[in-house]
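Please read them with the structure open beside the text.

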Amino acid sequence: MTGVCANDLVTEEELQLVLTLLKSFGRAEVVPEYLMDTVTGVSGSSPAYVFLFLEALADAAVAEGMPRKQAYVFAAQAVKGSASSAKMLLETGMHPGELKDMVCSPGGTTIEAVAVLERENLRSAVIDATRACIRKSKGVD
């Protein structure tokens, strides 16, 4: 995902050419310049957040007796499979909560895990970490 901003010297034709080039190998959207640091936090740095999550999933599996190498495979494959959910969000415009609810059976294992993640403030940690990244990108400490 690439955020693009243009100043007054860039024509609409030039901007469209840049977007066409960038979209040939990924997604690109125009954002105001003041949001470029936000692009860094939500998109540029987020692979590290995902790797940290993968490592935590694998650590839990190891704690339950799974060999580490195998745990990494299972964790990585699970996140890879979740990429289709992200694709569904992009294609349908469904709210992430709706997609989460689709995999949470009443009284099931997934909703039990979600309840723990909520109790342990996963959302707040992600929001705080992303905002810290944005502040650092802006040069605000």
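1. A residue is called buried here when its relative accessible area is under 20%, exposed when that area is over 50%, and partly exposed in between. Ser46 has a relative accessibility of 19% and therefore counts as buried. Please keep in mind throughout that this is a predicted model.

2. Ser46 belongs to helix 3, which covers residues 46-63, and the side chain of Ser46 reaches back to the backbone oxygen of Val42 at 3.3 Å. Glu55 also has its place in helix 3, but with a relative accessibility of 39% it counts as partly exposed, because that value falls between the 20% and 50% limits. Between the C-alpha atoms of Glu55 and Arg119 there are 20 Å of space, the two residues being 64 residues apart along the chain.

3. As for the overall architecture, the protein chain contains 7 helices and 2 strands, and their order along the sequence is β-α-β-α-α-α-α-α-α.

4. On overall dimensions, the radius of gyration of the protein chain is 19 Å, whereas a compact globule of 141 residues would have one near 14 Å. The C-alpha trace spans about 60 × 35 × 30 Å along its principal axes. Of the 141 residues, 16% count as buried, and the protein chain exposes about 10600 Å², of which carbon and sulfur atoms supply 62%.

5. How far apart in sequence are the residues that contacts join? Among contacts between residues at least 6 apart in sequence, 49% join residues at least 24 apart. On charge, the protein chain carries 13 positive and 18 negative side chains, and the centres of these two sets lie 6 Å apart.

6. Is Thr130 buried or exposed? Thr130 has a relative accessibility of 14%, which is under the 20% limit, so this residue of the chain counts as buried. Thr130 is found in helix 7, and the side chain of Thr130 reaches the backbone oxygen of Val126 at 2.8 Å. Leaving aside residues up to four places away in sequence, Thr130 touches Gly41, Val42 and Tyr49; Val42 is also the residue whose backbone oxygen the side chain of Ser46 reaches.

7. Met36 lies in helix 2, which covers residues 36-44, and with a relative accessible area of 26% Met36 is partly exposed. When residues up to four places away in sequence are not counted, Met36 touches Gly3, Cys5 and Val31. Met36 and Thr20 are 16 residues apart in sequence, and their C-alpha atoms are 19 Å apart in space.

8. Two loop positions may be worth a look. Gly26 sits in the loop between helix 1 (12-23) and strand 2 (28-30), and at 37% relative accessibility Gly26 counts as partly exposed.

9. Asn121 is placed in the loop between helix 6 (109-119) and helix 7 (122-138). Although Asn121 is not a glycine, it has a positive phi of about 65 degrees, and a relative accessible area of 43% makes Asn121 partly exposed.

Note on methods:
Residues are numbered from 1 along each chain as its sequence is written. This is a predicted model: local features need pLDDT of at least 70, side-chain atom pairs count only at pLDDT 80 or more; totals for chains, interfaces and linings use all residues. Side-chain values use heavy atoms; hydrogens and water are left out. Helices (H or I, at least four residues) and strands (E, at least two) are DSSP runs, numbered from the N terminus. The radius of gyration is taken over C-alpha atoms; the globule rule is 2.2 Å times the number of residues to the power 0.38. Buried means under 20% relative accessible area, exposed over 50%, partly exposed in between (1.4 Å probe, protein chains only). Contact means heavy atoms within 4.5 Å. Accessible areas come from the Shrake-Rupley method with a 1.4 Å probe; for residues, only the protein chains shown count as cover. Lys and Arg count as positive and Asp and Glu as negative; His and the chain ends are not counted. The place of a charge is taken as NZ of Lys, CZ of Arg, CG of Asp or CD of Glu. A polar contact is a pair of N or O atoms within 3.5 Å; within protein, one must be able to donate a hydrogen and the other to accept it, and residues adjacent in sequence count only if both atoms are side-chain atoms.
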